[in-house]
Protein chains: 6
Amino acid sequence: MKTYEAVGVIETLYFTVAIEMLDEMLKSSNVEFLRKETTLGGKLITLFVGGSVSEVSNAIELVKKLGEGKHINHLKNAIVISKPHPEILKYVISSEKIINEETLKVNN
Amino acid sequence: MKTYEAVGVIETLYFTVAIEMLDEMLKSSNVEFLRKETTLGGKLITLFVGGSVSEVSNAIELVKKLGEGKHINHLKNAIVISKPHPEILKYVISSEKIINEETLKVNN
Amino acid sequence: MKTYEAVGVIETLYFTVAIEMLDEMLKSSNVEFLRKETTLGGKLITLFVGGSVSEVSNAIELVKKLGEGKHINHLKNAIVISKPHPEILKYVISSEKIINEETLKVNN
Amino acid sequence: MKTYEAVGVIETLYFTVAIEMLDEMLKSSNVEFLRKETTLGGKLITLFVGGSVSEVSNAIELVKKLGEGKHINHLKNAIVISKPHPEILKYVISSEKIINEETLKVNN
Amino acid sequence: MKTYEAVGVIETLYFTVAIEMLDEMLKSSNVEFLRKETTLGGKLITLFVGGSVSEVSNAIELVKKLGEGKHINHLKNAIVISKPHPEILKYVISSEKIINEETLKVNN
Amino acid sequence: MKTYEAVGVIETLYFTVAIEMLDEMLKSSNVEFLRKETTLGGKLITLFVGGSVSEVSNAIELVKKLGEGKHINHLKNAIVISKPHPEILKYVISSEKIINEETLKVNN
């Protein structure tokens, strides 16, 4: 599994807001899109990006400004986790896809 | 994976409203229907269309007018993303179907 | 895939209300039941029927009268889409079942 | 697929309330438990039973009395559908399990 | 399928509350943990335990006292079903796991 | 299955808050991340960690302080279960992944 010096996590209401913020982060900063999470309900979507501390910090700052510039700010949270514990990386990247692969391997 | 000059994303309450808007977009503009997302809860549905910047912009403008013409406007968001970052296209089109295919391939 | 001259879509709170309306539509009009959607949350259920413009219109009118005749009207939306764009038919009928079939075929 | 002269459908908040009502229906009336639906959200659960018109009517009357006898009545709806349209039976009984069987058969 | 003289069902908001109550029931009473249900939404979780009428009744009484002893009582319902109808046992224990097994068997 | 002297369980609104708390627990205490649960709805996420009674207690105390130090405290619950009943461990660790493995084994 690839590791990242920092992980950025944003949570916003509405898929449109999330995709607009992701597009801006990817165009303006050297971060990678890691995963989305849409199962918490209440119209909430969570996005994870990874990269260097400075690049992830830039991306998260940009997202905060984008949210504040809107008539209604649907952004709920935007954080940077520096030097995440290895379990966090597993936790962030580990989607259902990964779990299914492991499950199938165990049963072969 | 096919690429698009622009991606349009709309979010509305109610499936009926979404399907009526999609039908109007497809009949009036040269856009393709890419994907729907229905997992965020709270009666929300998200639709993605792709095409040229002008065609997607036309479609999104039409949707906004349709919403404003209703007694209650259930449309929550309608955006155009021009020249989306390649990861966005992967993110938009990548449905569960795509993920399952990849998972199965890895395990063959 | 079969095509329909018109598609009717109703959205109501509660499964009981939906099934009662569907039974009345099927008994009174020459329409076919196409699909249900129950993933939007908030107790909402969406039903799709197909047929000729006049038969689908009759069914949708009946549903509206049924809703208005109740102490509390749980019907949220009831629409007719005439001559739906072919993508709409694919969108309406395409359930998870269809997607799974395709996924499995791709991997054989 | 087995057919039933009548189908009873109840909707209530809370699984405990649903299971208590189902136990009473099955002990007091000659009805069969057909299916449960728990995907609509908002703590709602829907139960389907089948049998003769008189037995299903007895079961549904019992459920209404049980609800009214409680400090808070969590029962939202309880209906009898007499001589349901054949599509309704397919719609009621057709759970994910049935769909999966068909999907797998198609791909063998 | 194993049968039980009685089934206890509790419903509470929050997973933490549920697991604390389950631990207390299992440590204090001779009951078996049968299944959890987490799909109804609204932060609700349902737990099922089985055993003799007296042991299940003890467990359910304990849970009620635990709930009443808290600053905020998140316990919504706690019931004992004595001599449950056989269909109830099938309904309680029958989780997705069981259904999947049957589905796969049918297709072998 | 591995056993733990104690299990810590926290419940918070928002994925960002959960991942920040998990990172702090893993960096400051000798606990293992066991599982997350995101199906209860209402923006709630539940995390499970395991370890010795003292290490899990340290981690849970830290999480409470983190929550109290925020402008809005999204942490809803944080508990330590000492010497959990063996069924609790099975219940905590048993994710869908485990169930799928067992299901597949039964059908081989």
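User: How many bridges pair E1(B) with strand E3 of chain B, and in which sense do the two run?

Analyst: In this predicted model, E1(B) pairs with strand E3 (residues 44-51) of chain B. One spot to look at is Ala6(B), which stands opposite Gly51(B) in E3(B). The sense is antiparallel, and the count is 8 bridges.

User: And what about E4 of chain B: how many bridges join E1(B) to that strand?

Analyst: Strand E4 of chain B covers residues 75-82, and E1(B) runs antiparallel to it. You can find your place from Glu11(B), which stands opposite Asn77(B) in E4(B). The number of bridges joining E1(B) to E4 is 7.

User: How many of the residues of strand E1 of chain B are buried?

Analyst: Let's take the strand one face at a time. On one side sit Ala6(B), Gly8(B), Ile10(B) and Thr12(B), and on the other Val7(B), Val9(B), Glu11(B) and Leu13(B); all of these are buried, so both faces are covered. The strand is therefore largely enclosed by the rest of the structure, and the tally is 8 of the 8 residues.

User: Over in chain C, what is the strand order of the open sheet?

Analyst: The sheet has 4 strands with antiparallel pairing. Its edge strands are E2 (32-37) and E4 (75-82) of chain C, each pairing on one side only. From one strand to the next, the twist averages 15°. The order reads E2-E3-E1-E4.

User: Which residue is the bridge partner of Ile10(C) in E3(C)?

Analyst: Strand E1 (residues 6-13) of chain C is joined to strand E3 (residues 44-51) of chain C by 8 bridges. These two strands run antiparallel. In E3(C), the partner of Ile10(C) is Leu47(C).

User: Which helix packs on the sheet of chain C, and what angle does its direction make with that of E4(C)?

Analyst: The helix is H2 of chain C, residues 53-68. H2 touches E1, E3 and E4 of chain C as it packs on the sheet. With the direction of E4(C), the helix makes an angle of about 170°.

User: Chain D has a hairpin of E2(D) and E3(D); which residue there takes a positive phi?

Analyst: Strand E2 (residues 32-37) and strand E3 (residues 44-51) of chain D run antiparallel and are joined by 5 bridges. Glu32(D), for example, stands opposite Gly50(D) in E3(D). The hairpin has 6 residues between the strands, and the one with a positive phi, near 80°, is Gly41(D).

User: Does His74(E) count as buried or exposed?

Analyst: His74(E) is found in the loop between helix H2 (53-68) and strand E4 (75-82) of chain E. Leaving out residues up to four places away in sequence, His74(E) touches Glu11(E), Thr12(E), Leu13(E), Tyr14(E) and Val17(E). The relative accessibility of His74(E) is 18%, and the cut-off for buried is under 20%, so His74(E) counts as buried.

User: Which helix gives the largest share of the lining of the largest cavity?

Analyst: The whole structure has 3 cavities of 30 Å³ or more, and the largest holds about 40 Å³ of space. Its lining is made of Val17(B), Glu20(B), Met21(B), Leu66(B), Gly67(B) and Lys70(B). Helix H1 (15-28) and helix H2 (53-68) of chain B are the elements that give two or more residues. The largest share, 3 residues, comes from H1(B).

User: And the second largest pocket: which element gives the most to its lining?

Analyst: This pocket has a volume of about 380 Å³. Of its 19 lining residues, the closest to the centre are Val17(B), Lys70(B), His74(B), Lys76(C) and Asn77(C). Two or more residues each come from H1 of chain B and from H2 and E4 of chain C. The element that gives the most, with 5 residues, is E4(C).

User: Finally, in what order do the elements of chain A run from the N terminus on?

Analyst: Chain A has 4 helices and 4 strands. Of its 108 residues, 55% count as buried, and its accessible surface comes to about 4,700 Å², with 50% belonging to carbon and sulfur atoms. Starting at the N terminus, the order is β-α-β-β-α-β-α-α.

Methods. Residues numbered from 1 in each chain as written. Chains lettered and ligands numbered in written order. Predicted model: local features only at pLDDT ≥ 70, side-chain atom pairs only at ≥ 80, totals over all residues. Heavy atoms only, no water. Pairing = 2+ DSSP bridges. Axes fitted to C-alpha atoms, helices over the stretch in contact; angles between N-to-C directions. Contact = heavy atoms within 4.5 Å. Buried < 20%, exposed > 50% of the residue type's maximum accessible area, 1.4 Å probe, protein only. Areas by Shrake-Rupley, 256 points an atom, 1.4 Å probe, with all protein chains shown as cover. 1 Å grid on protein atoms, 1.4 Å probe; cavity = no way out; pocket = protein on both sides within 12 Å on 5 of 7 lines; lining within 4 Å. Points joined across faces, edges and corners; volume = space filled by probe spheres on them.
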